[in-house]
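Colleague: I would like to go through the terms used for this model and see what stands behind each of them.

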Amino acid sequence: MMTRLTIGACLLAAGSLMLSLQCSKQPTSDGGEPSITLRFVFDPAGAPHIGKVPERPSAPAQPLAKRTGQEKVDIVRAMVLDVSAYDSASQHFESEEYHKYVHARDSWPGDLKYWAEWRKLLGDFFRVVADQALSIEGDYAKGTVTGVVGLNYLCVGMIEGDSIRYWGEGEVMVREGEPARAAVQVWDVGPQLYWLEVRPYFAPLKNGLSQRFRCTAYYSDGREVDVTKHAVWSVQPGIAGSIDDTGLFLAGLQATGQEAVLAVFEGDTAMAQVTIALATLLAAEDFETYAVGAYPSAGGWEVLAPGVGGGVSRAYAFSGAQSFRQESSPGHPRRDLLPLRRADSLTIQVSVLLQEGGSGAVVGLFNRGAAGGGAFVDWIEFAEDGHIYAARKDQRTELQPYEPLTWYTVRVELVYPHGNVFVDGEQKASMFYLSGEQWDALVLAAQDFASGTSVQFYDDLRMTRP
C-alpha cells in the first residue's frame, strides 16, 4: 500500500521549495558520476511558476491547498536532466534546445497530466540522467538520484493517483565534494483558466439606469465558474458612468457616451461596452435624503394602503445606505404610490429585495380611477411561489426564480404597443401592451397573501422617457 505524503505543512506553505543537495565524493557504479541527495525543506522565498500557466502577476502568498482543496499526494518523483553543457541557468534558458522544449510544452494537445508525458517530452530535448521515486518520511521526500558535475536541471512531481498534482522545476550547479542548494518553484497543475468573459458584451443604457455585468471564467477541464464577486471591476474612461465591486454599472444622470467595462481575474482581462444615451429623467429616487423611519412624502410619495407599515430603512440597501421598506400582513396589504403623467414611451427601473420566501412584491403602473379603489394595469410581480413574473390583465409571463435576501433589478422599457422586460440587465421577455390603457401612477406593493408578514425593500428607482 502506497505511503501518502502530507504536504500542507511543508510543501504548500508558500508554493516554493528548497532542495538541499549534497554531492558525494564517491563515484557511482554506472559511469563515475556523483550522487545527489535531495531533501525538501520549506523556503518562503520565490513565486510559483510552471508549465503552461500563463505569465501573470503572482497571487498573494497562500497555501496552495486553499485553492485546490487537496492536501495529499501518493508519490513524489524526481528527474534530473544533464544540462552541463551550459555554464549558467540563464545561458540554459537562452538556448535553442530550451526554447524548442517550451514551444513543444505549450503546444502539447491538451494538458500535460502524467509524469510519463513529461518524461517523454523532456527526453526529446535533454539527457535524462535519473528518474525515480523518492521515499516519503512525514512531511519530507528523500532520496538519492544520479546527477552530473556541472549544471543539472531538476524536475519534481507530486503525483495523486496517476496524475501530476504539483510540479516543480529548478537548476543546481554541482561541484564534486561541495554542498549545493537550489530553489525549485512549484505549481499546482490543476485546471487552468483558458478564457475570461464579461456579459452582456454590449449594453445600451439611458441616463441614470443601471446594468449588472457578470464575469465567467472558463477552465481547461470544461468548468464555467461565475467569478463576478472575485473580479476587479473598472470602467474607462469613467466619465459617463461608474461600476462597483459587484459588477453593477450605473449610468450618470447627465453624461452620455461610451464606456469600456473591464473585469480582471487571475491576471486575465475581459471587456464589455456600454453606450449611454440622453433621456428625460422623470424620477430618480434612492431614498438617501430622508431620515431613517421617515416617509418620503417630500419626494411625492403617497400611502395608498397602510398595511403594517412603511418607511425609509437602513436594514438593506442596493446602493448607498438606505432603501424603502414595506410590511404587510394577511388582509392588510401595503401600497405606496407615486403620481405619473401617462406616456406612450417610458422606462421604469427599480431594485427589489424580499426579506423572506413565501412573501410577495409588485411594481406596476396603476390606474387610480378604476373601480374598487384602483387597479394595476401592467406590473412586475415577485410571487409567493418564488418566481418573478411580468403581467398585465390577460397575460402573465414567468421570467425567472428569485431568492430572499437578494437584490434584483427589474426594468421595463415601454414603447407602445411593445415592452421589453429585463432582470439584472438581461432581457427576459417581450410583452404586448395596449396603447389605450389608462394609468396615472406607479405603485409599489407588499402583497397580503403571505401566511405571515411580508417585508420587502425597494431602492434606486429610475424613470426615463426618450
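Colleague: Leaving aside neighbours within four places in sequence, which residues is Phe 382 in contact with?

Modeller: This is a predicted model, where local features need pLDDT of at least 70, side-chain atom pairs count only at pLDDT 80 or more, and totals for chains, interfaces and linings use all residues. Residues are numbered from 1 along each chain as its sequence is written, and side-chain values use heavy atoms, without hydrogens and water. Contact means heavy atoms within 4.5 Å; by that test the partners of Phe 382 include Val 352, Leu 354, Ile 388, Tyr 402 and Val 410.

Colleague: What makes a set of residues a nonpolar core?

Modeller: The members must be buried Ala, Val, Leu, Ile, Met, Phe, Trp, Tyr or Cys, joined through side-chain atoms within 4.5 Å. The largest such core has 39 residues, of which Phe 382 and Val 421 touch the most other members. Strand β26 (residues 345-354) gives the most to this core, five residues. A second, separate core has 25 residues, among them Val 198 and Cys 215.

Colleague: Why is strand β8 called mostly covered?

Modeller: Buried means under 20% relative accessible area, exposed over 50%, and partly exposed in between (1.4 Å probe, protein chains only). Ten of the eleven residues of β8 (residues 150-160) are buried, so the strand counts as mostly covered. Strands are DSSP runs (E, at least two residues), numbered from the N terminus.

Colleague: How do you know that β8 and β9 pair?

Modeller: Pairing requires at least two DSSP bridges between two strands. β8 and β9 (residues 163-174) have eleven, in the antiparallel sense, and therefore qualify. Val 156 stands opposite Gly 168 in β9.

Technical notes: Helices (H or I, at least four residues) and strands (E, at least two) are DSSP runs, numbered from the N terminus.
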